[in-house]
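Here is a walk through a two-chain protein model. Have the sequence and the coordinates open as you read.

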Amino acid sequence: MEILRQLYDMTAMGEIGETPGVLLMILIGAVLLYLGIVKKYEPLLLVPIGFGIVLANLPGGSMDVVPSEMVELPGHRYMNLFEIASEYGIMNFVYYSLIKTGFLPPIIFMGVGALTDFGPMLRNLRLAFFGAAAQIGIFGVFFGAIALGFSPKEAGSLGIIGGADGPTAIYTTILLAPHLLGPIAIAAYSYMALVPVIVPLVANRLMTKNEFRINMKKQDKLYPPKYKIKNIKTVKIIFPIVLGVAVAILVPSSVPLLGMLLFGNLIKEIGTATSRLSDAATGPIMNTATIFLGLAVGATMTAKVFLDFKTLGIIVGGFLAFAISIAGGILAVKGYNLIAKKKINPLVGATGLSAVPMASRVANELGLKHDSSNHLLQYCMASNISGVIGSAVAAGVLISILG
Amino acid sequence: MTESFDQAWVLLGVGMVTVFSVLLLVVIIGNTLIFFVNRFLSKEATDSSGDKPSVGELHSAKVAAIVAGVKKATGGRGNVIEIRKK
């Protein structure tokens with residue numbers, strides 16, 4: 001009997017029974033794993049996050065991320081990484097070295113940059129403005145969050161979900177409200193996975209059938225562009241360098257994200273001379289960063305942190321931020337169409353939030369549903385890519401004002 | 001609370017103005033570069049139509065056709081992540 005009792009004490013079963021919140025968190029982790037594996041919703045992120053949650057909530061495994069107060073020493077100093085690893089386990093080593101320092105999101109942004117083609121935006125530069133209009137949800141939802149009792153820093157982190165950009169949301173939250181990292185990352189990636197549902201939901205409510213049928217190719221034929229690009233390759237190589245310098249001067253706090261995005265894009269556009277760098281940025285580096293980011297974010301989601309009223313506020317507020325951003329883009333195009341001769345399909349505004357390229361694909365399919373010859377993809381990609389820049393700049397503003 | 005709402009208004013104003021300014025900068029830089037490159041660094045037979053894809057790019061109609069094909073073949077469960085020319 002004594003042997004059986006000792007065996008029972010050695011396992012985690014006793015602790016699980018004493019803390020029912022742990023079971024709920026394991027269930028949440030299982031749901032995320034289900035969504036990632038079976039439903040294929042953002043599997044590259046939801047699978048590591050879901051598994052990270054399961055690992056973190058199994059008692060005795062020392063895989064949960066501890067609050068920063070626990071690694072703080074007297075005199076505003078912190079434990080070194082060796083001390084953190086030996087005291088709190090490897091997951092805390094990963095979190096405090098790679099996540100808390102803000103290292104991984106810019107690394108992922110470098111890979112995103114190397115996968116991004118600025119060509120559609122350069123060919124339709126005026127559409128870039130709608131990437132700005134679609135950032136209104138980031139700042140708009142701030143008011144509601146304050147009214148719900150969030151602190152300004154927490155409200156800023158919540159608002160950035162409206163930018164529909166996972167690495168940007170994580171980077172901003174690390175700097176403003178690291179204790180909300182788990183719920184905000186989950187909300188951001190879940191809503192990004194739900195773009196095929198949310199974009200049509202908002203667009204169908206704000207757009208008329210005639211607006212869905214605005215054919216951009218026909219508009220281009222009616223009102224052709226003033227000039228054609230004669231050497232797109234050279235433009236694409238110079239563009240990230242010049243833009244990087246200009247943005248660094250205007251919004252320095254956005255440079256870690258935007259600078260890495262533009263660097264990634266530059267090594268892609270140079271071509272064969274830097275193709276090895278580009279392959280590394282989009283392959284091994286980005287994949288490794290994604291694994292550690294997902295697992296560590298999941299490991300922050302312990303029952304104590306997640307099962308809180310604020311998590312519910314983040315889920316509702318995140319959806320509102322997302323929906324307001326899409327609506328902002330659509331309404332901006334509708335306003336523009338009132339005064340412009342050359343009409344723009346408002347779906348181009350709806351893709352002004354990031355979520356590249358899923359938002360563009362969804363908008364393209366919506367356009368094709370109403371007119372089978374209405375291919376909007378390259379136009380939507382223009383505002384979609386400018387949305388990535390816009391959300392990184394918005395993050396920079398939040399960090400510099402609230403941080 | 002009032003102080004926080006005041007901060008929210010400032011953030012809304014500063015944030016949206018900054019985002020618009022940076023994207024205006026994107027438009028200005030883009031147009032200036034295109035003008036400069038067209039004038040001094042233009043190459044024959046490179047992107048002469050303005051819509052034709054350069055190496056490594058595909059025409060949007062082709063991309064849409066590939067995406068639609070994959071969707072149909074996989075019953076809507078498959079996604080096109082990358083398209084490479086060989």
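**Helix packing, interface and local geometry**

In chain A, helix α11 (residues 152–159) packs against helix α21 (residues 309–339) at an angle of about 50 degrees, and their axes lie 9 Å apart. Axes here are lines fitted to C-alpha atoms, for helices over the stretch in contact, and angles run from 0 to 180 degrees between N-to-C directions. Helices are DSSP runs of H or I with at least four residues, numbered from the N terminus. α11(A) and α21(A) are therefore oblique to each other. Oblique covers what is left once angles under 35 degrees count as roughly parallel, over 145 as roughly antiparallel and 65 to 115 as roughly perpendicular.

This is a predicted model: local features need pLDDT of at least 70, side-chain atom pairs count only at pLDDT 80 or more, and totals for chains, interfaces and linings use all residues. Residues are numbered from 1 along each chain as its sequence is written, chains are lettered from A and ligands numbered from 1 in the order in which they are written, and side-chain values use heavy atoms, leaving out hydrogens and water.

Now turn to the interface. In chain B, 49 residues are in contact with 53 residues of chain A (contact means heavy atoms within 4.5 Å). The two chains, B and A, bury about 4700 Å² between them, 74% of it on carbon and sulfur atoms. Buried area is the accessible area (1.4 Å probe) that two parts lose on being put together, summed over both. Leu11(B), Leu23(B) and Ile34(B) supply 13% of the area that chain B buries against chain A, more than any other three residues.

What polar links cross the interface of chain B and chain A? Three residue pairs are in polar contact, both residues at pLDDT 80 or more. Such a contact is a pair of N or O atoms within 3.5 Å; within protein, one must be able to donate a hydrogen and the other to accept it, and residues adjacent in sequence count only if both atoms are side-chain atoms. Zero salt bridges are found across this interface of chain B and chain A (a salt bridge puts a side-chain nitrogen of Lys or Arg within 4 Å of a carboxyl oxygen of Asp or Glu). On the side of chain B that touches chain A, α1 (2–40) and α2 (60–73) each supply at least two residues. The largest share, 27 residues, comes from α1(B).

Over all chains, the count is six salt bridges. In one, the side chains of Arg5(A) and Glu2(A) meet at 3.2 Å, N to O.

Last, the backbone. A cis peptide bond joins Val356(A) and Pro357(A), with omega about -5 degrees. Glu42(A) has a positive phi of about 40 degrees, although it is not a glycine.
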